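Subject: Structure handover

Hello,

Here is the structure I said I would pass on. My notes on what was found in it follow below.

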Amino acid sequence: MAAQYQVSGDNAAEISASIEAGVLRGDWVTGAALPSVRVLAGALHVSPATVAKAYQELRHRGVLETEGRKGTRVRSRPSVAVLRADLAPPVPPGVRDLSSGEPDVRLLPALGPSLAAVAAETGNPLGYATAVTMPELIDAARPRLLAEGVPVADAAITVTAGALDSIERLLNTHLRPGDAVAVEDPGWANLIDLLAALDLRPIPVAVDEQGMDPGALADALRSGARAAVVTVRAQNPTGAAVSESRAAALRELLRGHPDVLVIEDDHAAELADRPPHCIGPVTRSWAFVRSASKPFGPDLRIAVLAGDETTVSRVVGRMRIGMGWVSTTAQRLLLRLWQDPQVTDLVAEAARAYARRRDGLRAALQAQGVLAFGETGINVWVPVPDEARAVAALRDLGYAVAPGSLFRIRSEPGIRITVSTLTDEELPILARAVAAAVHAAGFGPPIR
């Protein structure tokens, strides 16, 4: 037991509250080992079952993690509810913030006209019995997805409150605490935190420019992964996009694992400047999730979820005993946005703008001799040997970027640069600053 903090409590609830309070205060450092169940039970004069229950509750909440023979430890990545915001260094005043991972609000469509139109056409308020997933939205979503090659001709379709909500519901309907999930490494920080909160075990899978590495995914499947979450394009943080050949290779691999749940995340949707190459449906359980947040605004909490009938039915059934349905006002708003040609043009221009900024920064970095990744999306990933030194050096030069530790499990260090708000004039200046920071972090002098 840590000398600076003693656990107290006579029952599981009190013990778990005592440990979590210590984590919140910082008395327990991340990665610190907790005493074994029997040792702590003896110290507190309670049964081992009581301590085991307290530890289990904290694992479910993402505060602790268990690593086989290494025992129980404070999570190296705190859960969203604990210290999630503290992981990212604060952005000092006057420093250019390129760490957020958010779209440029200036390129988002104005929602006012569509909201006014929805208000005018809604008529009488809806009651509980009539508030459901709108057939009109499903009828519009299916051809929209088919036009991009997403195989949903025979799929069931519903809507959820965003991409992460979809993924959480899918995992909850198929998996149980302790199950393993294959995830991209580096990958989406919120997904890694979600797995911890659900007491699911992430198995990291290496990512290159074409998406998940088939060999690494094969290893994860042999290790018992019961689900795999794949970003089809604009992968966060690396910008990877699943290529047609990579999709075929992953599809062939997954054919040998028909019981694995495959979740394909298309969070960038219309903002991605290349079509999605889908892996599924190849196993018995498959889902494709398209969020509206990136192209139409983060506050529009809605996503289209397509998949096999059993999987989608489970999600719908669980929603009925919880939130019930996604607001029909939000559904009508999304439908209006899809149908508005001016909004379509604005989103297409935003996609082109992000591509110019992303590709321009990569070219400027290459001219400085700096390796960078970012095939699609609004982020560029730069490998560095020392994240803390690189982040600090860039901050001193006037730029805030995200440390790779937010996104990594076992992969090599790096920094993520969000390009969404960059101007053409800033690109060469930023590239020189990044080159200087990479040099300061120990990668040797830049080419120029």
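Predicted model: local features only at pLDDT ≥ 70, side-chain atom pairs only at ≥ 80, totals over all residues.

Overall picture

The chain has 16 helices and 15 strands. Its C-alpha trace spans about 70 × 65 × 45 Å along the principal axes. A compact globule of 448 residues would have a radius of gyration near 22 Å, and the 23 Å of the chain agrees with that. Of the 448 residues, 52% are buried.

The largest pocket

The largest pocket holds about 890 Å³ of space. It is lined by 40 residues, and those closest to its centre are Ser-100, Gly-101, Trp-188, Asn-190 and Asn-236. By class, the lining has 22 nonpolar, 10 polar and 8 charged residues. Which element gives the largest share of this lining? That is H8, with 3 residues. Other elements that supply at least two residues each include helix H7 (163-174), strand E8 (225-231) and helix H15.

The loops on either side of H8

In the loop between strand E5 (180-185) and H8 sits Pro-186, which is joined to Asp-185 by a cis peptide bond with omega of about 5°. In the loop between H8 and strand E6 (201-208) sits Asp-199. Asp-199 is not a glycine, yet its phi is positive, about 60°. Asp-199 is also buried, with a relative accessible area of 16%.

Ala-234 has a positive phi of about 55° without being a glycine, and its relative accessible area of 6% makes it buried. Asn-236 and Pro-237 are joined by a cis peptide bond, with omega of about 25°. Asn-236 is also one of the residues closest to the centre of the largest pocket.

Cavities

How many cavities of 30 Å³ or more are there? The count is 2. The largest cavity has about 90 Å³ of space. Ala-234 is among the residues that line it, together with others including His-267, Lys-294 and Asn-379. That lining has 5 nonpolar, 6 polar and 1 charged residues.

The second largest cavity has about 50 Å³. Its lining includes Glu-270, Arg-290, Phe-296 and Trp-338, and the classes are 7 nonpolar, 1 polar and 2 charged. Strand E10 (285-291), strand E11 (303-307) and helix H13 (328-339) each give at least two residues to this lining.

Helix H15

Helix H15 covers residues 387-396, and its buried residues are Glu-387, Ala-390, Val-391, Ala-393 and Leu-394. They lie on the same side of H15, because they cover an arc of only 165° around the axis. Ala-388 and Asp-396, on the other side, are exposed. At the start of H15, a side-chain oxygen of Asp-386 comes to within 3.2 Å of the backbone nitrogen of Ala-388. Gly-398 follows H15 and has a positive phi near 100°.

Regards

How values were computed:
Residues numbered from 1 in each chain as written. Heavy atoms only, no water. Buried < 20%, exposed > 50% of the residue type's maximum accessible area, 1.4 Å probe, protein only. Helix = DSSP H or I, 4+ residues; strand = E, 2+ residues; numbered from the N terminus. Arc of directions from axis to C-beta. Polar contact = N/O pair within 3.5 Å; in protein donor to acceptor, adjacent residues only side chain to side chain. 1 Å grid on protein atoms, 1.4 Å probe; cavity = no way out; pocket = protein on both sides within 12 Å on 5 of 7 lines; lining within 4 Å. Points joined across faces, edges and corners; volume = space filled by probe spheres on them. Nonpolar A, V, L, I, M, F, W, Y, C, P; charged D, E, K, R; others polar. Rg over C-alpha atoms; globule rule 2.2 N^0.38 Å.
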